[in-house]
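Hello,

Here is the structure we talked about passing on. Please open it alongside this note; my findings follow below.

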Amino acid sequence: MASRQRGPSKSVRAETAYTPDALRAVDRPLRRAATLPGPLFTDPGVFAREFRNLFLLSWVCVGRDDEIPSPGDFRTYEVAGSGVIVLRDADGTLRAYHNVCRHRGTRILEAGSGSGLSVLQCPYHAWTYDLQGHLAGSPHMDLAEAFDPDAYGLYPVRAEVWRGFLFLNLNPRPEPLAAYLGDLRARAAPYPLERLRRAHRVVYEIAANWKLVVQNANECYHCPGVHPQLVRLTPYRSGEEDLRTGPVFGGWMDFVDGACTLSPDGRTRRRTFPGLSREDLGRVYYYVLYPSNFISFLPDYVTLDWFIPLSPERTRLVFDLYIDRDEADAAEDAMGFWDTTNRQDWHICEMAHLGSKSVAYTQGRYSSEEEVVHLIDRYYLREMGLLPRSRARRRSA
Ligand code: FES
Ligand SMILES: [Fe+2]
């Protein structure tokens, strides 16, 4: 009797890579579903499509608006591979533009931040723009025919602020930020987000596809093996998921008795945020703001991750830790805890990436502890147009 082939082979991968059946298998109910096909983590064509379908259309939180406090102050950001300038004009209004000259496309501002801006001048041929984005000067263009300077202002970028968090969106007609955040606004209501200041920022580079990093942030199935310090404070099966429809997904985990925050000993040297319920004092809330951010609310601090895909196999991650603006303690303990936890995560994500790009990997199966990962993966496939979009949200107004 011929034995059934059970080992890896290229033909297995070729059959499952992008077939509708392989993608539909992800869309089954959790108990029967298959995980994302391996090639979705490495294919440059998929990566380009992710920019078109996700990152160029989605809100991304890049930091806080108080990092640009006064008229003439500016910051520059890289969003989905494009440069963005955010500045405060003379009236104190926050304005955002593509960092692209309308002459021949040169990047206008090189610095990451600065102040005292009264005009924006391209370093190449000196076209200048006022802080409202109008073209104010364009040397030697007087002989150009049918050249209307009013039609050559800077391209605007949508910017909105939610309780101090600055969000950008490259989609010219995005859904309102409030609609994107949805029920997260109510979940975050007890926390004094307006009062936060950044205590720490660490930028990591991870040799893994961004989706693996996002998946990893949304399950604690891996916690017993990967995070011995974390599971001592928040047991991996504690808590519940309460936001499941996207683009915001997540829920909370419970502290063990005797712990009140995530720090090396579970204690805090900081005042807890005033007015939190007994329930919230015993929880850490985690939410992914798909596809670019992950936010957590604790009794005494808040963290924000910003996932930046650099290539199919490289992800930059900006990790911010925020505390109350009047808090004297610098939260070194919390940052140390998260740096350890983060590095544990990045290492296992890199190992997952190495394995999932092997010819031997096709599709696995989800455990009952990966419900949110499954929801996110289905949401991803719909936003990518790889599954029928009938149940997908519209991303533009
Ligand atoms: S490219 Fe900016 S002035 Fe020429
Ligand atoms: Fe983790």
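**Helix α6**

This is a predicted model. Start with helix α6, residues 210-217: eight of its eight residues are buried, so the helix is largely enclosed by the rest of the structure. The buried residues are W210, K211, L212, V213, V214, Q215, N216 and A217. Note that K211, Q215 and N216 are on that list too.

**The chain as a whole**

The chain holds 11 helices and 17 strands. Its radius of gyration is 23 Å; a compact globule of 397 residues would have one near 21 Å, so the two agree. Along the principal axes, the C-alpha atoms fill a box of roughly 85 × 60 × 35 Å. Of the 397 residues, 40% count as buried. Take the contacts with a separation of 6 or more: 64% of them come from residues 24 or more positions apart.

The domain assignment gives domain 1 as 60-161 and domain 2 as 182-388. Their C-alpha centres lie 34 Å apart. How many residues of each domain are in contact with the other? Four from domain 1 meet six from domain 2. On the domain 1 side, three of the touching residues are nonpolar, none is polar and one is charged.

Now the interior. Nonpolar side chains tend to be buried together in soluble globular proteins. Here the largest nonpolar core has 101 residues. Within this core, V86, L168, V213, Y287 and V288 have the most contacts. The core draws at least three residues from each of domain 1 and domain 2. V213 is also one of the buried residues of α6.

L168 deserves a look on screen. Leaving out residues up to four places away in sequence, L168 touches V60, V62, Y77, V79, V84, A96, V157, R158 and A159.

Strand β13 spans residues 248-254 and is mostly covered, with five of its seven residues buried. β13 pairs on one hand with β12, residues 240-243, in the antiparallel sense over three bridges. One pairing to find there is E241 with G251. β13 is also joined to β14, residues 283-289, by seven bridges, and these two strands run antiparallel as well. In that pair, V248 has L289 as its bridge partner.

The hairpin of β12 and β13 has four residues between the strands. G246 sits in this hairpin with a positive phi near 80 degrees. A cis peptide bond joins G246 to P247, with omega about 5 degrees. P247 is in the loop between β12 and β13.

Which residues does the other cis bond to check join? Y290 and P291, again with omega about 5 degrees. P291 is in the loop between β14 and β15 (293-297).

**Loop residues**

Two alanines have positive phi values. A126 has phi near 70 degrees. It lies in the loop between β6 and β7 (128-130). A126 has 13 C-beta neighbours inside 10 Å, so it counts as partly exposed. A146 has phi near 50 degrees. Its place is the loop between β8 (135-137) and β9 (158-162).

T93 is in the loop between β3 (82-88) and β4 (94-98). With 11 other C-beta atoms within 10 Å, T93 is exposed. R195 is 102 residues from T93 along the chain, and their C-alpha atoms are separated by 20 Å.

S118 is in the loop between β5 (113-114) and β6 (119-121). S118 has 12 C-beta neighbours inside 10 Å and so counts as exposed. P71 is 47 residues from S118 in sequence, but C-alpha to C-alpha the two are 8.8 Å apart.

Best wishes

Terms used: Residues numbered from 1 in each chain as written. Chains lettered and ligands numbered in written order. Buried ≥ 20, exposed ≤ 12 C-beta atoms within 10 Å, placed from the backbone. Domains from an automatic or database assignment. Contact = placed C-beta atoms within 7 Å. Nonpolar A, V, L, I, M, F, W, Y, C, P; charged D, E, K, R; others polar. Core = buried A, V, L, I, M, F, W, Y, C linked by C-beta atoms within 7 Å. Pairing = 2+ DSSP bridges. Rg over C-alpha atoms; globule rule 2.2 N^0.38 Å.
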